[in-house]
Amino acid sequence: SLSVFDKVTYDAHIAIIYAYCPPTPPNTAIELGLQKALAIYPEFAGRLSKDEHGNPVNILLNDEGVRFVEASANSTLDQVMPYKPSPSLLNLHPSLNDDVKELVQVQLTWFTCGSLAVGFTSNHMIADGQSTSNFLVAWGQACRGLRVNPIPLHDRTIFNPRNPPLVENEHKGVEFTSKLVKKEHLLNQAHHILEDIVVHKVHFTIEFLAKLKAKASSMNGNNKPYSTDLRQVPLAINLVRIPEQISGLLR
């Protein structure tokens, strides 16, 4: 069952994108590594069960799998990566609509240059940032044929309340505030922070950038020279395989 710490967080997916230059492993190796990682982290391949009020209460270890999508783009990676947050990045991971049942979603997007973007989303209720990072590390270790380390702790009974209950501190009104109050507090805090931010725009000429690249490349020895690519090309994604469920158990 979900611990009290799991229940106070948001029932929402957190998205992250990793980009890799070639050489990269084939999809089959990445998929097999994901299966091995899910066998060690079965919560990620399960589903949330909810009570009569629609509140998540348990993680069902039913091995229904994660959403896995393979895609390709008709451009190179450096042509589509924006310099600022952009809605185009939504094309690099599966949909984040409200009715996502999978607790983990993965999308592999291949580019014409051989680069690979791995879009990953996971439900915040099943793992915090540290635990999700451990899962991603385990996935990478499994892809390379290494022993997974560290091994996760699945025992949620360590958070069982004392019997009889003993409340020594004011947790409810201090640590566990309502999400509406917390949102208003964060908005007010952000407003004060923005008042202290100064935005300064500069314009670099082509001649200046050429001198800067030449100087940086001269200090780089025989390695690849530095370059800049200021083009922004719209991203076109072609799905080459329909989403499939990847089981967390090896068969």
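Modeller: Two strands pair if DSSP finds at least two bridges between them. Strands (E, at least two residues) and helices (H or I, at least four) are DSSP runs, numbered from the N terminus. This is a predicted model, so local features need pLDDT of at least 70 and side-chain atom pairs pLDDT 80 or more, while totals for chains, interfaces and linings use all residues. Residues are numbered from 1 along each chain as its sequence is written, and side-chain values use heavy atoms, without hydrogens and water.

My pick is strand 6, which spans residues 116-123. This strand is mostly covered, with eight of its eight residues buried (under 20% relative accessible area with a 1.4 Å probe, protein chains only; exposed is over 50%, partly exposed in between). Leu-116, Val-118, Phe-120 and Ser-122 point one way from strand 6. Ala-117, Gly-119, Thr-121 and Asn-123 point the other way. Both sets are buried.

Strand 6 has strand 1 (residues 13-20) as a partner. The two run antiparallel and share eight bridges. In this pairing, Tyr-20 stands opposite Leu-116 of strand 6. Strand 5 (residues 104-110) is also joined to strand 6, by seven bridges. That pair is antiparallel as well. Here Trp-110 stands opposite Leu-116.

Strand 5 and strand 6 form a hairpin, with five residues between the strands. Gly-114 in this hairpin takes a positive phi near 95°. Strand 2 (residues 47-50) and strand 3 (residues 56-60) run antiparallel and are joined by four bridges. Lys-50 stands opposite Pro-56 of strand 3.

Now the loops. Most residues other than glycine have a negative phi, and most peptide bonds are trans. Asp-63 has a positive phi, near 55°, and is not a glycine. Asp-63 sits in the loop between strand 3 and strand 4 (66-73). It is buried, at a relative accessible area of 18%. The bond from Pro-22 to Pro-23 is a cis peptide, with omega near 5°. Pro-23 belongs to the loop that connects strand 1, a partner of strand 6, to helix 2. From Asn-149 to Pro-150 the peptide bond is cis too, with omega near 10°. Pro-150 lies between helix 4 and helix 5 (179-195), in the loop.

Next, the helices. Helix 2 (residues 27-40) packs on helix 4 (residues 129-143) at about 125°, with the axes 8 Å apart. Axes are lines fitted to C-alpha atoms over the stretch in contact, with angles from 0 to 180 degrees between N-to-C directions. On the helix 2 side, the contact (heavy atoms within 4.5 Å) is made by Ala-29, Ile-30, Gly-33, Leu-34, Lys-36, Ala-37 and Leu-38. Helix 4 brings Phe-135, Ala-138, Trp-139, Ala-142 and Cys-143.

Finally, the whole chain. The protein chain holds six helices and seven strands. From the N terminus, their order is α-β-α-β-β-β-α-β-β-α-α-α-β. Of the 251 residues, 30% are buried. Take contacts between residues at least 6 apart in sequence: 74% of them join residues at least 24 apart.
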